[in-house]
Amino acid sequence: MTLVAVALLVPMAWMMLGGLDKLVKNRVARMPVSGLVEPDAFRERVQGMREDVIGTENNSALFAIELDDFATLKGRFEPNAVDRVLKAVGQRLKSVSRDTDVISKVGDSRFAICLAPVKHLDLESCIQMSGRIQQAIEEPMALDGATVYVTASVGFCLQARAPKTNSQDWINAALAALNEAQRRGPTSVRAYSTELHSRLKSRANLREEVAAALEQGQIQPWFQPQISTDTGKVSGFEALARWIHPVRGAISPVEFLPAIEEAALLERLAEVIMYHTFTALKAWDAAGVNVPQVGVNFSGSELNNPRLCEKISWELDRFDLAPERLTVEILETVVTDTLGDTITLNINALHDLGCQNDLDDFGTGHASLSAIRRFGVGRIKIDRSFVMKADRDPEQQRMISAILTMAERLGIETLAEGVETVGEHALLAQLGCDYVQGFGIARPMPFEKTLDWIRTHEAKVQDAPAIPLRRSN
């Protein structure tokens with residue numbers, strides 16, 4: 001955790017991000033940068049500058065600066081080399097500041113600058129200062145025989161716009177702006193404003209609400225069918241998290257999943273979804289309907305849990321389910337970014353346990369063939385962007401055909417996502433895709449509706465195939 005873990009603007013944000021005291025004790029890098037003040041002294045100087053501005057026409061500003069993708073730099077170079085980079089950044093910040101400004105290194109890769117009060121300091125001046133800071137940091141550095149290019153994101157808060165209570169709130173406001181800049185991507189710059197405060201408060205409220213929703217059973221899986229293009233029969237379901245709010249109704253996963261991640265509740269969400277999924281499998285078995293497997297999505301952070309395989313194995317035993325009934329859905333980007341860590345061990349351990357590994361959103365993350373084999377992928381799920389209108393686009397047809405040929409050569413099954421029309425369905429069956437899923441088959445549905453849907457669908461397939469059958473090889 002870096003200084004982004006500092007409390008933001010109001011008590012609810014303190015709960016979310018922690019306090020500066022904790023950061024100063026735990027996260028400041030060991031080696032000070034020459035000429036920069038220590039964090040405790042920086043906080044005192046900020047308080048003094050705030051008091052100097054009160055009752056005058058002067059204004060001041062506080063900048064929070066963090067190096068982008070610092071983890072990659074630390075992974076590439078030895079600690080001493082990384083320390084030299086941080087020293088150089090500190091010196092560059094001094095070069096664009098005045099002697100009366102105060103600069104501090106306040107985290108592993110985070111710096112702060114408080115400008116001495118002057119007249120006519122406004123938003124435009126601060127934006128220009130942010131640009132000078134970034135330009136100075138971005139000058140190439142020679143490091144251990146390599147040329148290193150470092151970038152930074154910046155958040156700032158004018159003292160005149162800061163919360164009026166104390167200097168800590170001013171610091172938190174600058175950090176809130178930096179946090180918002182980092183959400184927008186590397187090299188971004190953001191200013192603190194009352195609108196930003198409102199957005200942060202709204203997100204914090206959503207985090208509190210989604211945490212309660214998890215415990216109150218409002219968030220449960222809905223199930224979307226997957227069918228075989230060979231037989232037309234149900235081959236399984238994908239479990240998709242849905243939040244049915246008692247007042248607002250259905251809330252989109254696009255809205256609540258980021259809140260769950262920010263609240264560090266992804267692991268709890270996985271537990272909830274897995275519990276209800278296994279309960280559904282037992283209920284389908286008891287009702288005499290055949291659902292071979294269900295896919296559950298696991299994020300990179302969940303797959304990084306050293307106890308994940310143990311927990312899944314324990315749950316399978318508790319429900320008396322064979323491991324092959326669970327399909328672990330893994331985003332292609334997770335596989336692409338993973339080298340030799342806990343995620344790799346977990347994915348392979350789940351494969352060895354007997355679970356199927358599905359590579360989700362295939363075609364968006366540039367996974368190599370060696371990665372597909374290394375992770376024991378049993379099926380690739382072709383991203384919906386390739387499927388959309390494929391029956392009318394020869395270029396997309398060629399891309400799908402190439403993916404299917406590759407998978408066949410590797411002995412891997414295929415499933416196409418986002419199938420919405422009969423034409424798309426027919427094309428995928430003709431090209432040799434093994435399974436399909438999408439609104440054209442059925443929308444995600446609560447468990448209570450799955451039994452009737454399965455029975456109705458299976459009756460149609462038995463009487464006369466309601467779908468185009470896969471080509472014969």
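A polar contact is here a pair of N or O atoms within 3.5 Å, where, within protein, one atom must be able to donate a hydrogen and the other to accept it. In the predicted model, the side chains of Ser153 and Asp68 make such a contact, at 2.7 Å. The side chain of Ser153 also reaches the backbone nitrogen of Thr187, at 3.3 Å. Ser153 is found in strand E6. With a relative accessible area of 1%, Ser153 is buried, because the cut-off for burial is under 20%. Neighbours within four places in sequence aside, the residues in contact with Ser153 include Ala64, Ile65, Glu66 and Asp68. Gln134 is also in contact with Ser153, as are Leu178, Gln182, Gly185, Pro186, Thr187 and Ser188.

Gln134 belongs to the buried residues of helix H6, together with Cys126, Met129, Ser130, Ile133, Ala136 and Ile137. Seen down the axis of H6, these buried residues fall within an arc of 160°, so they line one face of the helix. An α-helix has 3.6 residues a turn, so residues three or four places apart point the same way. On the other side of H6, Glu124 and Gln135 are exposed. The cover over the buried residues of H6 includes strand E6 (152-158), helix H5 (79-95) and strand E1 (61-67). Strands E3 (110-114), E4 (141-143) and E7 (189-191) are also among the covering elements. H6 runs over residues 123-137, and its 15 residues reach 21 Å from the first C-alpha to the last, close to the 21 Å expected at 1.5 Å a residue. At the start of the helix, a side-chain oxygen of Asp122 comes to within 3.4 Å of the backbone nitrogen of Glu124.

The largest nonpolar core has 75 residues, and those with the most contacts inside it are Ile219 and Trp284. Helix H10 (residues 266-287) gives the most to this core, with nine residues. When neighbours within four places in sequence are left aside, Ile219 is in contact with Val210, Ala213, Leu214, Arg242, Trp243, Phe256, Ile260, Leu269 and Val272. Apart from this core lies another, of 34 residues, among them Phe63, Leu73, Val96 and Ile137.

Leu269, Val272 and Trp284 are among the buried residues of H10. Just after H10, Gly288 takes a positive phi of about 80°.

Over the whole protein, 19 helices and 16 strands are assigned. Buried residues make up 51% of the 473 residues. Among contacts between residues at least 6 apart in sequence, 69% join residues at least 24 apart.

The average pLDDT of the protein is 83, and 87% of the residues score at least 70. The pLDDT is below 50 over residues 1-32, a stretch with 78 contacts in the model beyond near neighbours in sequence. Over residues 468-473 the pLDDT likewise stays under 50, and the model has 19 contacts beyond four places in sequence for these residues.

Notes: Residues are numbered from 1 along each chain as its sequence is written. Side-chain values use heavy atoms; hydrogens and water are left out. Helices (H or I, at least four residues) and strands (E, at least two) are DSSP runs, numbered from the N terminus. The expected span of a helix is 1.5 Å times one less than its number of residues. Buried means under 20% relative accessible area, exposed over 50%, partly exposed in between (1.4 Å probe, protein chains only). The arc is that of the directions from the helix axis to the C-beta atoms. Contact means heavy atoms within 4.5 Å. A nonpolar core is a set of buried Ala, Val, Leu, Ile, Met, Phe, Trp, Tyr and Cys residues joined through side-chain atoms within 4.5 Å. pLDDT is the predictor's confidence in each residue, from 0 to 100.
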